[in-house]
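Let's take a look at how some strands in this protein line up with one another. Keep the 3D view open while you read.

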Amino acid sequence: MHRRMELQRRLFSSFIGLAIVVSVAAALLFRFSSILRPDKPRLWTVEELAPFNGTDEKLPILLGILGSVFDVTRGKSHYGPGGGYHHFAGRDASRAFASGNFTGDGLTDSLQGLSGVEISSVVDWRKFYFERYTFVGKLVGWYYDKDGNPTKHLKGVEAKAKRAARLQEKQKIEEAKIPSCNSKWSQEEGGEVWCDAGYPRLVQRPLEMALNGKRSRRCACFKEEELGQPGLEVYKNCDFLSKSCVV
């Protein structure tokens with residue numbers, strides 16, 4: 001009889017303990033239901049997002065990019081305090097995804113002054129978060145209005161990113177027609193470029209201005225009969241028909 005009563009007492013205690021755990025879990029789930037349900041994303045303000053920066057272990061870790069807010073708690077080792085990406089937590093620091101400036105004015109959502117390629121890279125980062133983490137809402141401000149609708153700034157960013165992607169693809173196709181030079185560099189010997197077939201020449205990349213806002217050149221291999229066309233530059237200290245050049 002005594003053993004039966006003791007067993008009943010233990011089962012009752014276990015039941016009470018389990019009930020408490022379930023109640024706490026339910027309360028937490030209810031508390032964060034509006035945060036963690038991707039089917040019903042909420043609208044955030046900058047002030048509301050700020051506490052979710054990983055410093056309070058009771059709260060999930062959230063970050064914003066182009067106004068989209070994601071739960072990155074499962075990447076706590078990266079986004080929590082001491083992590084390499086902690087500076088992104090609790091804010092929208094879209095610019096830093098392209099600039100690499102993680103201090104002061106670099107931690108902002110404005111992409112003003114960035115090139116098409118840089119803007120495209122930020123849009124690609126947003127795609128990464130949609131694929132890897134849980135989308136939990138929109139940040140009201142630069143990219144979404146108070147009703148959650150995209151602003152002209154977000155539409156402009158996405159349009160520039162699409163244009164940059166098209167130009168990059170076009171540049172890739174055009175440059176594939178004329179192969180690039182082989183190259184190597186070492187601290188001891190310096191640099192060298194060479195062609196297995198053809199002759200190395202410096203040539204402008206015409207789409208680079210539209211993509212990056214600056215001029216640039218690449219080394220490409222041209223056939224002998226093509227060397228007379230305008231815009232080709234021979235490397236300094238390199239003979240006209242040399243197949244390799246020290247740079």
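Here is a short tour of the strands and their partners.

## Before we start

Keep in mind that this is a predicted model.

Let's begin with β3, which covers residues 68-71.

β3 pairs with β2, the strand at residues 62-65. The two run antiparallel and are joined by four bridges. If you want a spot to check on screen, find Gly 64, which stands opposite Val 69. β2 and β3 make a hairpin with two residues between the strands. In that hairpin, Leu 66 has a positive phi near 50°.

β3 also pairs with β4, which spans residues 134-139. Again the sense is antiparallel, with four bridges.

## An open sheet of three strands

Now move along to another group. β5, β6 and β9 form an open sheet in the order β5-β6-β9, and the pairing is antiparallel. Which strands sit at the edges? They are β5 (182-186) and β9 (244-246), each of which pairs on one side only. From one strand to the next, the twist averages 15°.

Zoom in on β5 and β6, and you'll find five bridges joining these antiparallel strands. β6 takes up residues 190-194. A handy pair to look for is Ser 186, which stands opposite Gly 190 in β6.

Note on methods: Residues numbered from 1 in each chain as written. Predicted model: local features only at pLDDT ≥ 70, side-chain atom pairs only at ≥ 80, totals over all residues. Heavy atoms only, no water. Buried < 20%, exposed > 50% of the residue type's maximum accessible area, 1.4 Å probe, protein only. Pairing = 2+ DSSP bridges. Axes fitted to C-alpha atoms, helices over the stretch in contact; angles between N-to-C directions.
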